[in-house]
Structures are given as C-alpha cells and as structure tokens.
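Reader: I would like to go through this model term by term. Please set each value against its cut-off before you conclude.

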Amino acid sequence: MKFNGSDQYVATPDLMLAVNAAITLQRPLLIKGEPGTGKTMLAEEVARALKLPLLQWHIKSTTKAQQGLYEYDAVSRLRDSQLSGVGDEKVKDIRNYIVKGTLWQAFTAEQPVALLIDEIDKADIEFPNDLLRELDRMEFHVYETRELVQARHRPLVFITSNNEKELPDAFLRRCFFHYIKFPEAETMRQIVEVHFPRLKKDLLAAALKSFYDVRGLPGLKKKPSTSELLDWLKLLLAEDIPLSALQSQDDKVAIPPLLGALLKNEQDVTLFEKLVFMQSRNR
C-alpha cells in the first residue's frame, strides 16, 4: 500500500511521506495541527484512495479506552433475567451482552481496515496509556468470556489531536508523528480549486488576500481555518458578492463581507474593526 494523494484532498509531499512511513513501520500515524486543517479528512481520503473500509472512533471528554474494546451490558442482562428468568438460554450466555467496540471491529474485520481515533486529546490523560498495549500488540482479553481477541490484520491507524492536552511519552514513542502546517497561499489555492473548480481566478485571489489579511492580524484569539475559508467562499458565491466588495482602493486591510464566517468571537471582531479604523484614520 502506498498513498499518492487523491483528487479530493490536496496532500503536500511531506504529508504523503508521513502516511507511507506509518504504513511501512506499521505504527499509528499521529496527526496534529490547527482545527480545520483537514486531519480527520486525511484518514477518510487515505482510506478511499487505498480502498480500505474506514472505522471511526470520535473521542469525547467522557470516553474511556475500554469502550473502544468492548462493553458489558449488565443492565440489559439483569432486565432480561427478570423478564424471562435466569434459566433463559440468552441470559445464560454472557456473550449476548458483550457490545463490541471500534477496536474489536477493526481487529476482527475480514479485510484490512483504516481506523480513525479522532481528537484523542479530548479524553482523560490516562486514555492514551490505556490503549498502549492494545495498539502495540494488536490483541486484548475479554475478561467476562476469558477470550483473547487478536487482530486478523493490522489496521492502518490514524490518531488526531488538537493539542488540548499533552500526550504521554510512552504513547508518542509508538506513533509516527506529523504536524500539518497551515497551508501557504499556493497550497490553499489548490485546496479551494478542489472544492470550487469554477471559481473565477480574480475572485479567488481577492478572497485569499482578504483571508490571509484577517488571519495575519496579531492577537487573534482564534485564527480562521481552512474549513472556515471554504464556508466563507460558499457564502460569497451564494450571495453573489461582487469582486469590488473584496478589494480595497489602497491595498490596505478592509472589512470583508460576511466576516462572521471567518471570525467567531466578539473579541476578534472588535480587534479587526479597530485595525481597519486606525488604518482609515492614517490615510
């Protein structure tokens, strides 16, 4: 298997190299980067390009590592025993109350799969450590049934993080790491053209200038991301915003239309408006 990019995802050479390195080493690929830089979409596109089924495990603050392996539904078993009696064949077989998690499904799949563990940094700090053995050895025990579940095929594992929490060193040692840098203007132009192939070049150039002007403002609490740029462009086209609305007479920063698609809190909007106001006074 080798990933050479796809027609729906603009992958830089270093990103493709990282994906293929993880495949060669048979280690999870840990992807970090700003929110909205395409970390989750990378797993989806690699799976599509390599024709692998994709299993996704989206992590929340309450997620425990055990849930990725399996959960024992003791409540359902108790309810069934009260309704049909403890002698019922279904109640007697504890396997009927074992709910397979995403890792179990990935390990026992008939063919190799891609596995996405999305936003691992949202979980408790112990979560990565609890997954170390399973991801390393590709096996785990089901204590209720005394069963050893071993991977038929090693899945291609993608793990994303937004850097909300530091990950343990022992976990990091078992991953291949790549940081997705925020796209430069030329790469961003290619990304936009994938999503809006018919967008006029002069409108795209003006929109990108406005976007990077906003993003380059020092002191922003949340800089606009790639996904927000795409949303903004979608709105510009839907509202038929003219090119003139994106261009300033003297090449200075101007307030773009539909700014709320790019800046998502009042502090950043106020900061940007102050900059524009100060520039207008200095003309």
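Reader: Leaving aside neighbours within four places in sequence, which residues is glutamine 267 in contact with?

Author: Glutamine 267 is in contact with Gly219 and Lys221, where contact means heavy atoms within 4.5 Å. The model is predicted, so local features need pLDDT of at least 70 and side-chain atom pairs count only at pLDDT 80 or more, while totals for chains, interfaces and linings use all residues. Residues are numbered from 1 along each chain as its sequence is written, and side-chain values use heavy atoms, with hydrogens and water left out.

Reader: Where does glutamine 267 lie, and why is glutamine 267 called partly exposed?

Author: Glutamine 267 lies in helix H12, residues 266-281; helices (H or I, at least four residues) and strands (E, at least two) are DSSP runs, numbered from the N terminus. Buried means under 20% relative accessible area, exposed over 50%, and partly exposed in between, with a 1.4 Å probe and protein chains only. Glutamine 267 has a relative accessible area of 44%, so glutamine 267 is partly exposed. From lysine 222, glutamine 267 is 45 residues away in sequence and 9.6 Å away in space, C-alpha to C-alpha.

Reader: What makes glutamine 26 exposed?

Author: Its relative accessibility is 51%, and therefore glutamine 26 counts as exposed. Glutamine 26 sits in the loop between H1 and S1. Its phi is near 55°, a positive value in a residue other than glycine.

Reader: Why is arginine 146 called exposed?

Author: Arginine 146 has a relative accessible area of 80%, so it is exposed. It is found in the loop between S6 and strand S7 (147-150), and its phi, near 55°, is also a positive value in a residue other than glycine.

Reader: How do you know that the span of helix H1 agrees with its number of residues?

Author: The expected span is 1.5 Å times one less than the number of residues. For the 13 residues of H1 (residues 13-25) that gives 18 Å, and the end C-alpha atoms are 18 Å apart, so the two agree.

Reader: Which residues of H1 are buried, and what do they pack against?

Author: Leu15, Met16, Ala18, Val19, Asn20, Ala21, Ala22 and Ile23 are buried. The buried residues of H1 pack against strand S1 (29-33), helix H2 (39-49), strand S8 (156-161) and strand S9 (176-180).

Reader: What makes a set of residues a nonpolar core?

Author: The members are buried Ala, Val, Leu, Ile, Met, Phe, Trp, Tyr and Cys residues joined through side-chain atoms within 4.5 Å. The largest such core has 30 residues, and those with the most contacts inside it are Ile117, Phe127, Leu131, Phe140, Ile159 and Phe171. Elements giving two or more residues to this core include helix H7 (127-137), strand S6 (139-142) and S8. Apart from it lies another core, of 27 residues, among them Ala206 and Leu217.

Reader: Which residues is isoleucine 159 in contact with, leaving aside its neighbours within four places in sequence?

Author: Isoleucine 159 is in contact with Pro28, Leu29, Leu30, Ile31, Ile117, Ile120, Leu135, Phe171 and Cys175.
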